[in-house]
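Here are some quick notes to read alongside the coordinates.

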Amino acid sequence: MFTLPDLDYGYDAFGKYISKDIMELHHDKHHQTYVDKLNAAIEAAPELKDKSLEELLGNLDAVPEKVRSVVRNHGGGHYNHTMFWKFLSPTEQGEPSGELGAGLKQKYGSFQAFMDEFTKASLGVFGSGWAWLLPDLSIATTPNQDNPISGGQPVPILGLDVWEHAYYLDYTYKRADYVAAWWHVANWQEAAERFKKA
Ligand code: MN3
């Protein structure tokens, strides 16, 4: 059985950038729903019960057709949100330093140029989806709850949820304002650790 992970911080950890109300709904309701529906799919296809989420999402063709779209959407939702909570930091971290900071500067020219590219990608997601930073420091986007691993790419080192449920209460339709706020809570320490391991 998959379970909803606890957060490493309080619902009110992000102050003016992401409200307590959003964090509560996003974690306790949206993410919980992904977990519940994923578990229901595994119950309906018990041959999957020993597989990890990465195994399931990394090879969706091997998932029985009757539960494949549920595993893709709700399994993806569980997988993406579990990492998304880690990608948020209650203390503002500014710019990444070390190898990751140097790598981004080398690839994009400056951290600001990287931010501009990532912002553009986030705003370019039509409807619901995600923007990702991959271990080769390229930027990817996925629709719905897809994760790059389902397309044969490596596990992202950072990602931003641009579903309306992630920002509408605070920013209404202004996704650009949400993305601008998110830079203040991006967890570069987590990204740097994942970059090193990858
Ligand atoms: Mn979400």
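**Notes on the model**

1. Starting with the domain boundary: the rule picks up 1 salt bridge across the interface of domain 1 and domain 2. Bear in mind throughout that this is a predicted model. As for the salt bridge between R72 and D146, its closest N and O atoms sit 2.8 Å apart.

2. Where are the domains? The assignment puts domain 1 at 20-86 and domain 2 at 98-197. On the contact between them, domain 1 supplies 20 residues and domain 2 supplies 24 residues. Their C-alpha centres are 21 Å apart.

3. How much area do domain 1 and domain 2 bury between them? The figure is about 1700 Å², with 59% of it on carbon and sulfur atoms. On the domain 1 side, the residues losing the most area to domain 2 are I22, N80 and F84, and together they make up 33% of what that side buries.

4. Now the metal. The manganese ion has four protein donors to look at: H26 through NE2, H81 through NE2, D161 through OD and H165 through NE2, at 1.9 to 2.1 Å. Written along the chain, the donor spacing reads H-x54-H-x79-D-x3-H.

5. Strand 3 runs antiparallel to strand 1 (residues 129-133), and 4 bridges join the two. Within that pairing, A131 stands opposite L160.

6. Two backbone angles to check by eye. L137 is not a glycine, yet its phi is positive, near 70°. L137 lies in the loop between strand 1 and strand 2 (139-143), and it counts as buried because its relative accessibility is 4%. T172, again not a glycine, has a positive phi of about 45°. T172 is placed in the loop between helix 6 and helix 7 (175-182). Its relative accessibility is 33%, so T172 is classed as partly exposed.

7. E190 is in helix 8 (residues 188-197) and counts as buried because its relative accessibility is 18%. Which residues does E190 touch, apart from neighbours within four places in sequence? The contacts are K86 and F87. D116, in helix 5 (residues 111-124), has a relative accessible area of 42%, so it is partly exposed.

Terms used. Residues numbered from 1 in each chain as written. Predicted model: local features only at pLDDT ≥ 70, side-chain atom pairs only at ≥ 80, totals over all residues. Heavy atoms only, no water. Donors = N, O, S within 2.8 Å, 3.2 Å for Na, K, Ca; no water. Pairing = 2+ DSSP bridges. Buried < 20%, exposed > 50% of the residue type's maximum accessible area, 1.4 Å probe, protein only. Contact = heavy atoms within 4.5 Å. Domains from an automatic or database assignment. Buried area = accessible area lost by both parts, 1.4 Å probe. Salt bridge = Lys/Arg side-chain N within 4 Å of Asp/Glu carboxyl O.
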